[in-house]
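Let's walk through a structure together, one feature at a time. Bring your questions, and we'll go from the general idea to the case at hand.

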Amino acid sequence: MRSEKSQSVRPELYDEVYFLSSCEGYDEFITSEGAHLSRRLSQALEAAEIAPGMRVLDIGCGRGEILHHCAELGAQAYGMDYALVAAQMAQRLATGDGEERNAAYVCLADAKQLPFSATSFDRVLMFDLVEHLHPWELDQALVEARRVLRPDGRLIIHTAPNVWYNRYAYPVVRFIRTLMDQEADYPRDPRAIVPANLDVHVNEQSAWSLWWVLRRAGFRARVWLDTPPQNRREG
């Protein structure tokens, strides 16, 4: 029997297909080559209030567009991901056609053991990472994030979906859609709407649970909810 602390989402599940078809912001990334962000990612980056000269660490940097935008804002941008494909994609975006386009630095590393010294960063970003970490992994990742932050630094998190919606609202939505003969578009498990999430979403949060885990890690937490655009035509 595997112990809880031996379980992690396998890094090979995060292949290029995942990042270009399932991971938040893929449409904008494909059409703009990283120059434009989705509304959700853009709002998360705005909340970070990146300023020139700041040292910024993007944990779980994925395709690398957040790193690119941080560097464009004048920050010293560092990114890391434990999926080799992600590190390669982020590095390609940072270097363009072989010439450095910005000051971003990318490495392959684990959020539970950051290869950076203490109090190194003004901002640490975790965009769409929390839901991919088992609870014990998230606890360790937050301890590490706090370690590398400067005393006046900030950790900025974006995570989706809200588990309250999945547990309490989605069954009602699915019931109504079933009555409208749309059951095929609303599977019993809401994670199956994006099939890849069945394997990689292991720790979806509510506002309360995220606040609590941050407080437990020693952060003074502020957590809020937002509603993404639905892009629906039926009203």
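A: Before we start, a term to keep handy: a residue is buried when its relative accessible area is under 20%, exposed when over 50%, and partly exposed in between. Keep in mind too that this is a predicted model.

Q: What about loops? Is Ser120 buried or exposed?

A: Ser120 sits in the loop between strand 3 (105-108) and strand 4 (121-127). Its relative accessible area is 6%, so Ser120 is buried. Leaving aside residues up to four places away in sequence, Ser120 touches Arg55, Val148 and Arg150.

Q: Now helices. Which residues of helix 9 are buried?

A: In helix 9 (residues 207-216), they are Ala207, Leu210, Val213 and Leu214. These four lie on the same side of helix 9, because they cover an arc of only 140° around the axis.

Q: What do those buried residues pack against?

A: They pack against helix 6 (135-148), strand 5 (149-158) and helix 7 (163-179). Just after helix 9, have a look at Gly218 as well: its phi is positive, at about 100°.

Q: Which residues form the nonpolar patch on the surface?

A: Trp164, Tyr168, Trp208, Trp212 and Leu225, with about 620 Å² of accessible area together. Helix 7 and helix 9 are the elements that give two or more residues to the patch. Take Trp164, in helix 7: its relative accessibility is 36%, so Trp164 counts as partly exposed.

Q: Let's do charges. How many salt bridges does the structure hold?

A: The idea first: side chains of opposite charge can pair when their charged atoms come close. In this structure there are 13 salt bridges. One of them pairs Arg92 with Glu16, with the closest N and O atoms 3.4 Å apart. Arg92 lies in helix 5 (residues 84-95) and Glu16 in helix 1 (residues 16-21), so this pair ties together parts that are 76 residues apart in sequence. Both ends are partly exposed, Arg92 at 45% and Glu16 at 37%.

Q: What do Asp226 and Arg39 tie together?

A: Their side chains meet in a salt bridge at 3.3 Å, N to O. Asp226 is in the segment after helix 9 and Arg39 is in helix 3 (residues 39-48), so the pair ties together parts 187 residues apart in sequence. Asp226 is partly exposed at 48%, and Arg39 is partly exposed at 36%.

Q: And how far apart are the closest N and O atoms of Glu49 and Arg154?

A: 2.8 Å, in another salt bridge. Since Glu49 is in the loop between helix 3 and strand 1 while Arg154 is in strand 5, this pair ties together parts 105 residues apart in sequence. Glu49 is partly exposed at 48%, as is Arg154 at 35%. Finally, salt bridges that share partners join Asp110, Lys112 and Glu137 into one network.

Note on methods: Residues are numbered from 1 along each chain as its sequence is written. This is a predicted model: local features need pLDDT of at least 70, side-chain atom pairs count only at pLDDT 80 or more; totals for chains, interfaces and linings use all residues. Side-chain values use heavy atoms; hydrogens and water are left out. Buried means under 20% relative accessible area, exposed over 50%, partly exposed in between (1.4 Å probe, protein chains only). The arc is that of the directions from the helix axis to the C-beta atoms. Contact means heavy atoms within 4.5 Å. Patches are made of residues with over 30% relative accessible area and no salt bridge: like charges are joined within 9 Å, nonpolar side chains (Val, Leu, Ile, Met, Phe, Trp, Tyr) within 5 Å. Accessible areas come from the Shrake-Rupley method with a 1.4 Å probe; for residues, only the protein chains shown count as cover. A salt bridge is a side-chain nitrogen of Lys or Arg within 4 Å of a carboxyl oxygen of Asp or Glu.
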